[in-house]
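The sequence and the model are shown below.

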Amino acid sequence: MQTDEFAGATRWVPQDGGIRKLRAALPDCRGCDLQEYAEQVVPGEGPVRARMMLVGETPGDVEDKEGHVFVGPAGRLLDKALAEAGIDRSEVYLTNAVKHFRFERQGKRRIHKTPAVGHIVACHPWLDRELAIVKPELVVILGAVAARSLLGTGFKVTEHRGERVELPDGRAAVATVHPSAVVRSQEFRRDFADFVKDLRAAADLLA
């Protein structure tokens with residue numbers, strides 16, 4: 001299936017009810033082809049009325065196997081960074097712009113593959129509904145895929161990271177890199193410190 005042929009998630013996304021109804025509907029989605037290959041859909045998690053929502057890219061290999069967001073290497077780094085930034089993970093809502101793992105096989109390994117634009121667009125109605133239900137005061141955008149979903153193609157994370165920006169609905173947001181980029185960094189100490197700095201800037205907006 002080509003990306004321009006994806007039906008999109010709209011017909012599967014409930015337009016009423018809360019997070020429980022949304023989570024129950026997710027496994028039925030056939031808005032793109034990713035559900036054909038991933039082990040399971042990975043829904044968002046966190047308080048229904050969280051003041052802060054963190055939006056990542058897509059589940060990784062560990063998340064796809066366990067069915068929970070940010071539980072792999074990038075999630076462990078995110079936990080550490082949130083703690084250093086003074087943010088309690090249990091008080092934020094965590095989700096991804098794309099709800100299924102995209103990968104390519106190398107032998108027995110499943111290697112992460114960046115979602116195509118068609119996947120991002122197809123899955124956006126789920127993220128829109130999460131925003132409508134949770135109503136966060138601030139959205140933290142983790143990486144380029146989340147930025148593409150929420151702010152369009154013209155926004156560059158590297159040019160605006162740590163700054164207050166606005167989503168199309170006027171909601172405040174702060175963009176930073178995805179924690180997986182820090183995990184892979186050749187300059188880990190510097191890049192981790194910069195990541196924490198961005199998260200602190202986000203926390204300061206809610207202080």
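No disulfide occurs anywhere in the structure: a search of the whole of it finds zero, a disulfide being a pair of cysteine sulfur atoms within 2.5 Å. The model is predicted, so that local features need pLDDT of at least 70 and side-chain atom pairs count only at pLDDT 80 or more, while totals for chains, interfaces and linings use all residues. Residues are numbered from 1 along each chain as its sequence is written, and side-chain values use heavy atoms, with hydrogens and water left out.

**Cysteines**

- A disulfide is a covalent bond between the sulfur atoms of two cysteines.
- The cysteine sulfur closest to that of Cys29 belongs to Cys123, and because the distance is 6.4 Å, it is too far for a bond.
- Cys123 is likewise in no disulfide, its nearest cysteine sulfur being that of Cys29.
- Cys29 is buried at 9% relative accessibility, and Cys123 is also buried, with a relative accessible area of 9%; buried means under 20% relative accessible area, exposed over 50%, and partly exposed in between, with a 1.4 Å probe and protein chains only.

- The whole structure holds two cavities of 30 Å³ or more. On a 1 Å grid over the protein atoms alone, a cavity is a set of points where a 1.4 Å probe fits but cannot get out, whereas a pocket is an open set with protein on both sides within 12 Å along at least five of seven lines; lining residues have an atom within 4 Å of a point.
- The largest pocket has about 650 Å³ of space. Its lining has 26 residues, and Gly60, Ala74, His112, Ser180 and Arg184 are the closest to its centre.
- Two or more lining residues of this pocket come from each of α2, α3, β4 (109-112) and α7 (179-183), with β4 giving the largest share, four residues. Helices (H or I, at least four residues) and strands (E, at least two) are DSSP runs, numbered from the N terminus.

**The five-stranded sheet**

- An open sheet with mixed pairing has the strand order β2-β1-β5-β7-β6; two strands pair if DSSP finds at least two bridges between them.
- Its edge strands, β2 (92-96) and β6 (164-166), each pair on one side only.
- Strand β1 (residues 52-56) runs parallel to β2 and is joined to it by five bridges; Val55 has Thr95 as its bridge partner in β2.
- Helix α5 (residues 144-151) packs on the sheet, where it touches β1, β5 (138-142) and β6, and its direction makes about 135 degrees with that of β5. Contact means heavy atoms within 4.5 Å; axes are lines fitted to C-alpha atoms, for helices over the stretch in contact, and angles run from 0 to 180 degrees between N-to-C directions.

**Positive phi in loops**

- Most residues other than glycine have a negative phi.
- Phe70, in the loop between α2 (61-66) and α3 (73-84), has a positive phi of about 50 degrees and is buried at 4% relative accessibility.
- Lys135, in the loop between α4 (117-134) and β5, has a positive phi near 55 degrees.

Methods. Grid points are joined across faces, edges and corners, and a volume is the space filled by probe spheres set on the points.
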